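Here are some friendly notes to read alongside the model. Please keep the structure open as you go through the points.

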Amino acid sequence: MKFSQSETQGDRGGEAFSSDMEIAILLGQGCDKTAENFVRQHSPWMLAVARRILGNDASAQDSVQEAFADAFTNIGRFEGRSTLKTWLHRIVVNRCLMVLRSAKRKAEEQLDELMPQFDGHNCRIEEPWPQLLPADEICEQKQLSTMVRGMIDKLPESFRIVLLLRDIEGYSTKEVASQLELSESNVKVRLHRARAALKHLLEPVLRGHMS
Amino acid sequence: MKRLGFWKVMPSFSGMMMRYMPLMITCRQFEDFIVDYLEGNLSSKQKLVFEMHIKVCRKCREYLAAYKRTVDVVEQTAVGDDQSEGLPDVPEDLVKAILAARKL
């Protein structure tokens, strides 16, 4: 899910904001009906986000439950500077990141063999690209899009999570750096390595050899 | 004596050109600018140098196109997750557990 700059900065129309603020106020007052509607409206996409990050349905459900608990506890702090959805998105992502941090990480395989190659003159070694399939053509084919998701999951965790937050969930480099407690330059390096590795893994798909 | 083909000679020539001509960078240096180029974070001089390299280096030009296509595919895959395949059904017991925990 991508957020537009205007949505994250909170300059949407006043009407939508007052609606979000009204919901927040009712939630703060303990209105059961509003709480149920709130959970039913937002839990599907929150579960989708948690599954993407954690890759495990049970952990994703736990994270969504904990995210709602955080949201109900902190609803009084919602100031309407963003939409409720943006606010909730950050909460569920933070919950998922906590799960990833606490999980015992598998030894991270090196990405070096998937990185671009250069010759002795620092010139790129790259096979010619006579054909490059359009992205929508790739994503329309269920088999190929499943393969793409499988390739993303193959990336080592510290690279996969940066790619996911930046390119899929739509956070800025600065926001990703803050969420992962990394420097912005470190985020950029990881993002570049993740994209370069994925490009290498996806080459047969991008070249149209798999369609 | 075996004659070297044009494309056997060209890589080393272009490597020399990238190293010694003013405002030219090597393909390895080009690599370091890609993320900032795509985010629009390069200074006007850096952008000029980056784009000059793209003009003279077919391999980096094609590499960048494939790199950008990879990013597009990743973004569209996620959109497909949320739209064409639909959002997941949330188990009713999860909804109830969330609402019950709120009252504790």
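This is a predicted model: local features need pLDDT of at least 70, side-chain atom pairs count only at pLDDT 80 or more; totals for chains, interfaces and linings use all residues.

1. Asn122(A) sits in the loop between strand 1 (117-118) and strand 2 (124-125) of chain A. Its phi is positive, at about 65 degrees, although Asn122(A) is not a glycine. Is Asn122(A) buried, exposed or partly exposed? With a relative accessible area of 24%, Asn122(A) is partly exposed, because the buried class stops under 20%.

2. A second residue with a positive phi is Glu181(A), which is not a glycine and has a value near 55 degrees. Glu181(A) lies in the loop between helix 9 and helix 10 (184-206) of chain A. Here the relative accessible area is 66%, so Glu181(A) is exposed.

3. Now for the overall layout of chain A. The chain holds 10 helices and 2 strands, and along the sequence these follow the pattern α-α-α-α-α-β-β-α-α-α-α-α. Of its 211 residues, 49% are buried. If you take the contacts in chain A between residues at least 6 apart in sequence, 72% of them join residues at least 24 apart.

4. Chain B can be described in the same terms. How many helices and strands does chain B have? There are 6 helices and 0 strands, giving the pattern α-α-α-α-α-α when read along the sequence. Buried residues account for 38% of the 104 residues in chain B. Among its contacts between residues at least 6 apart in sequence, 52% join residues at least 24 apart.

5. On to the interior. Nonpolar side chains tend to be buried together in soluble globular proteins. The largest nonpolar core in this model has 91 residues, and Ile53(A) and Leu165(A) are the ones that touch the most other members. Setting aside neighbours within four places in sequence, Ile53(A) is in contact with Val93(A), Cys96(A), Leu100(A), Arg160(A), Ile161(A), Leu164(A) and Leu165(A).

6. Why does Thr34(A) count as buried? Its relative accessibility is 12%, and buried means under 20%. Not counting residues up to four places away in sequence, Thr34(A) touches Ile23(A), Leu26(A) and Leu27(A).

7. Finally, look at how two helices of chain A meet. The axes of helix 8 (residues 157-168) and helix 9 (residues 173-180) of chain A come within 9 Å and cross at roughly 135 degrees. These two helices of chain A, helix 8 and helix 9, are therefore oblique to each other, and their crossing is right-handed. Helix 8 of chain A contributes Ile161(A), Val162(A), Leu165(A) and Arg166(A) to the contact, while helix 9 of chain A contributes Thr173(A), Val176(A), Gln179(A) and Leu180(A). By type, the residues of this contact between helix 8 and helix 9 of chain A are 5 nonpolar, 2 polar and 1 charged.

How values were computed: Residues are numbered from 1 along each chain as its sequence is written. Chains are lettered from A and ligands numbered from 1 in the order in which they are written. Side-chain values use heavy atoms; hydrogens and water are left out. Buried means under 20% relative accessible area, exposed over 50%, partly exposed in between (1.4 Å probe, protein chains only). Contact means heavy atoms within 4.5 Å. A nonpolar core is a set of buried Ala, Val, Leu, Ile, Met, Phe, Trp, Tyr and Cys residues joined through side-chain atoms within 4.5 Å. Axes are lines fitted to C-alpha atoms, for helices over the stretch in contact, and angles run from 0 to 180 degrees between N-to-C directions. Helices (H or I, at least four residues) and strands (E, at least two) are DSSP runs, numbered from the N terminus. Angles under 35 degrees count as roughly parallel, over 145 as roughly antiparallel, 65 to 115 as roughly perpendicular and the rest as oblique. A crossing is left-handed if the near helix is turned anticlockwise from the far one by less than a right angle, and right-handed if clockwise. Ala, Val, Leu, Ile, Met, Phe, Trp, Tyr, Cys and Pro count as nonpolar, Asp, Glu, Lys and Arg as charged, and the others, Gly among them, as polar.
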